[in-house]
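Please look through the structure below with attention to how charged side chains pair across the chain. The report that follows takes up these pairs one after another.

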Amino acid sequence: MKKWIVFISITSVIIIAIINYRTPFFRKNGGPWSIGFGSSANFPDRINLRKNTVYSLEKLKENNSKTEFLADPFFLKVKDTFYIFFEHKILNSIAEIGLLSSTDGLNYQYRGTVLKEPFHLSYPQVFKHKNEYYMIPESKRAFSVLLYKAKKFPFQWSVCDTLIKNEEYVDPTIFLSDTLNIMAVCDKSLHLYLYEADSLFGSWKLHKDPIMIIGSEARCGGRFIPHKNKLLLPIQNCTNGYGYGLSLYEVATKNGNYKIKKTKNLFLQPSTEIKEFNAGMHHIDMQKIDNEYYFVYDGCRLIDNEKNLNIKGALKLTYLDLKNLFF
């Protein structure tokens, strides 16, 4: 009997240690978010935060003193101007979509709010399609995935279609081409789903094998990235709390089927050397512009050096990760 007690005790300690290693029970206190940007002549193996520029919370507060954070940046280069659209959280208000612009990709100016709704907005994926400009923000509080069209780019936007109805999805991420039209979305249970359609304005339906991933890496973290005939999808890593880091996954499609696999673990991760990004990172938009890779990303800072006990969260993520192995 004593041997069984010892065995069970040792086994329990080992299991707890493994869980704590993968999804720590004590989590850092992450605070406000800021934006960074940079470029690379080649596709980067990892994003080196020290080589890039920070557009900090403090800088935006110089223009809007009530700013609480800026996050989820997406960019477009139109003619000679870079436009960064981002989630802008203002004190005592729900988040709206703000805009930064630059003529050199280095010095950005705050241009104000470009989209505001009665519900929370974030993750403003902007893109050009057939000579028109569109935006798909996160609009889960409207219980739909909404498509906006620019009446007068970059400032005037209005809803032109509802792509998915009666669903509360976060961070919808779209890819459009002549042969492939897909969208990845995540629900509150950390299931990443794949939708497909015959065109942007077609009927968006769940793929026949709809669940791509379940668990601690199952929420999109930026635009699809075409690279060397491959399609890469940034996905948030939440093992050490929400917004801890970002990994890249390859999505391969063939004959109506798809496969997804991780190719770069923690492609983007926090740095203790940069105060704005010393707690976590959870988003990147990287595109090849003028023969180099230009990217914008976000990250958050530590509130303090304390850590919070989060047993429920660690156990939940462990359960979902195990479920992902067998579903």
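## Salt bridges across the chain

Glu217 and Lys262 form a salt bridge, with their closest N and O atoms 3.1 Å apart; the term stands for a side-chain nitrogen of Lys or Arg within 4 Å of a carboxyl oxygen of Asp or Glu. Because Glu217 lies in the loop between S14 and S15 while Lys262 lies in strand S19, the pair ties together parts that are 45 residues apart in sequence; strands here are DSSP runs (E, at least two residues), numbered from the N terminus. The model is predicted, so that local features need pLDDT of at least 70 and side-chain atom pairs count only at pLDDT 80 or more, whereas totals for chains, interfaces and linings use all residues. Residues are numbered from 1 along each chain as its sequence is written, and side-chain values use heavy atoms, with hydrogens and water left out.

The structure holds 13 salt bridges, including one between the side chains of Glu273 and Arg50 (3.7 Å, N to O), which ties together parts that are 223 residues apart in sequence. Another joins the side chains of Asp171 and Arg219 (2.7 Å, N to O), with Asp171 in strand S11 and Arg219 in strand S15, 48 residues apart.

The table gives relative accessible areas, where buried means under 20%, exposed over 50% and partly exposed in between (1.4 Å probe, protein chains only).

| Residue | Relative accessible area | Class |
|---|---|---|
| Glu217 | 5% | buried |
| Lys262 | 38% | partly exposed |
| Glu273 | 54% | exposed |
| Arg50 | 56% | exposed |
| Asp171 | 3% | buried |
| Arg219 | 18% | buried |

Terms used:
Helices (H or I, at least four residues) and strands (E, at least two) are DSSP runs, numbered from the N terminus.
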